[in-house]
Amino acid sequence: MTAVKGPIDDLEVISGVYSTQLTDGISSILRTMDRVSLMNQRGYEILIQMIALKIFDEKKNEWLKYFIQPDENTDVEKLQFYIEPNERDYRTLNDSNVINFTKRIANLREQAETTYKEILSETLMDLRDEAQVRVIASVVNSLQDFSFTKSSKSDLWQIIFYQFANAFTKTQKAQFLTPIPLIEFIVDIVNPKDGETVIDPTSGSGDFLSVSYVKSDSEMNDKNIFGVDNDNQMVILAQLNMLLNGDGRSTLKFQSGSGSISHKFNTNNELCSLIPEMHKSGNWEKTNDYTKLKKFDIVLTNPPFGEDRAFEPKDTKEKELIECYELWNLYGGRKIDLGIVFLENAYRILKENGRMEIVLSNSIASIDTHKQARKWLMEKMRIVAIFDLPANVFGETGVNTTVIVAYKPKKKELAKLKEQNYQVFFRGIDKVGYEVKTSKRVKFFSPIYKVDYETFETVINEEGGRVLDEEFTETIQHFKEWCEGQEEVLKDLFIKKK
């Protein structure tokens, strides 16, 4: 066997020729899927399994390096996720070259099954099926020269996740992934710590959870990470995301239908449904052995919201479910913006002094239609910060959004803070460091860099990297400085690292 070319190492930012190669590769995968009629659920799951095998192969290779002292005659890269030109150009599955390739992929899958059992729990790849082998070969050929483990949260990871999530699921459901720069900003503001429990009730591809895990000061135990989504494909993506960034022990659950609107984690870390006769109007403290609800230190979420996503019960069962929310009655009991529902949900699943971040439509934070929700929130939580974001921050949605950050003090403490007329940090953010672009069917977040208008050249930092044109970094600094002048509980929650 010839020595396998190792993945590109310098992927802190993919640019120029590498970005073009990656975009071309993804387009090639999609064209292959179209051509062999696998642009469907089965094709999507095969793709996700192949990415899991790619990650496993890279991580296994890094582990082996601790035990192997290579010399110039050693195949340093013990990678199995590759395809040779003669393996790619075959006529039938009986050709010896393609048999070598499929055996290698089958062996890699067998090695990975125990470690990645959630994603590889079902035998979805059929290496005897011509169409599937064509797709598998295209995926390997397109991704073999790129490294996931060396490029976590870079353009590579974002392009892969954003494009394939949209191609198979989110475009059809009018949902959008949250850009990584915004997620990192929010996580830095909320300040997750080692040992804290974190949940995203609308977890999508799991970026809030994976970034929280990576950014926590001493890497929180990923057993403390929880997520729910009503799209099983996105749950698989989230599992893949956590596998890349952790060891896969997080609790990520698929719940069909109304997802985490109807189902909550109980203290056994299992999903249980709200019971209308027990939990009506937000009275979720009533429990039995099955429904003692779990409370969390942190809720981070970007839920579906907007007038076109309003919840309007279609039958008695849905009406009884939505009546479990206090805000339903405050809104007149006809229909309610889903963002409002998830706002109440976030409050109710928080521990005392737990903190919350939620992305909502700017209208919820500003117009008279939603004043009852704002009043309700002020009576329940200590509002810490409000960040207004520009339109299209989520990719050509045209929606202006607001990030609300708050924590949940005791009632007496909240009353005292209100008497003292507590302060709220407010900032409008215009520059986010990226723009949404589309190239060859691939939608991605393209970085925007600062320019020195005296030289008209990109600004370079001390490490030699290009500086993004964004206001997140400065805003975080100003927020932390502002926190120093606030109450001790707020300082403990938002500044201290342990």
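What is the relative accessible area of Gly 428?

Reply: Gly 428 has a relative accessible area of 36%, so it counts as partly exposed.

Two notes on the basis. This is a predicted model, in which local features need pLDDT of at least 70 and side-chain atom pairs count only at pLDDT 80 or more, while totals for chains, interfaces and linings use all residues. Residues are numbered from 1 along each chain as its sequence is written, and side-chain values use heavy atoms, leaving out hydrogens and water.

Gly 428 belongs to strand 10, residues 425-428. Strands (E, at least two residues) and helices (H or I, at least four) are DSSP runs, numbered from the N terminus. Beyond its neighbours within four places in sequence, Gly 428 is in contact with Asp 388 and Glu 471. Contact here means heavy atoms within 4.5 Å. The C-alpha atom of Gly 428 is also 6.3 Å from that of Leu 389, 39 residues away along the chain.

Asp 388 stands opposite Gly 428 in strand 10. Strand 8 and strand 10 pair in the parallel sense, over four bridges. Two strands pair if DSSP finds at least two bridges between them. Strand 8 covers residues 382-389, and six of these eight are buried, so the strand is largely enclosed by the rest of the structure. Strand 8 also has strand 9 (residues 401-407) as a partner: seven bridges join them, and they run antiparallel. In that pairing, Phe 387 faces Val 403 of strand 9.

Six of the six residues of strand 6 (296-301) are buried, so the rest of the structure largely encloses it. Strand 6 runs parallel to strand 7 (residues 350-361), with five bridges between them. Strand 1 (residues 198-200) pairs with strand 6 too, in the parallel sense, over two bridges. Val 198 stands opposite Ile 298 of strand 6.

Thr 301 sits in strand 6. Its bridge partner in strand 7 is Ile 358. Thr 301 is buried, at 1% relative accessible area. Its side chain makes a polar contact of 2.6 Å with the side chain of Thr 202. A polar contact is a pair of N or O atoms within 3.5 Å; within protein, one must be able to donate a hydrogen and the other to accept it, and residues adjacent in sequence count only if both atoms are side-chain atoms. Leaving aside residues up to four places away in sequence, Thr 301 also touches Asp 200, Phe 208 and Val 359, among others.

For contrast, take Phe 456. This residue lies in the loop between strand 13 (451-452) and strand 14 (457-458). Phe 456 counts as exposed, at 64% relative accessibility.

The protein chain has 17 helices and 14 strands. Of its 498 residues, 54% are buried. Among contacts between residues at least 6 apart in sequence, 73% join residues at least 24 apart.

How values were computed. Buried means under 20% relative accessible area, exposed over 50%, partly exposed in between (1.4 Å probe, protein chains only).
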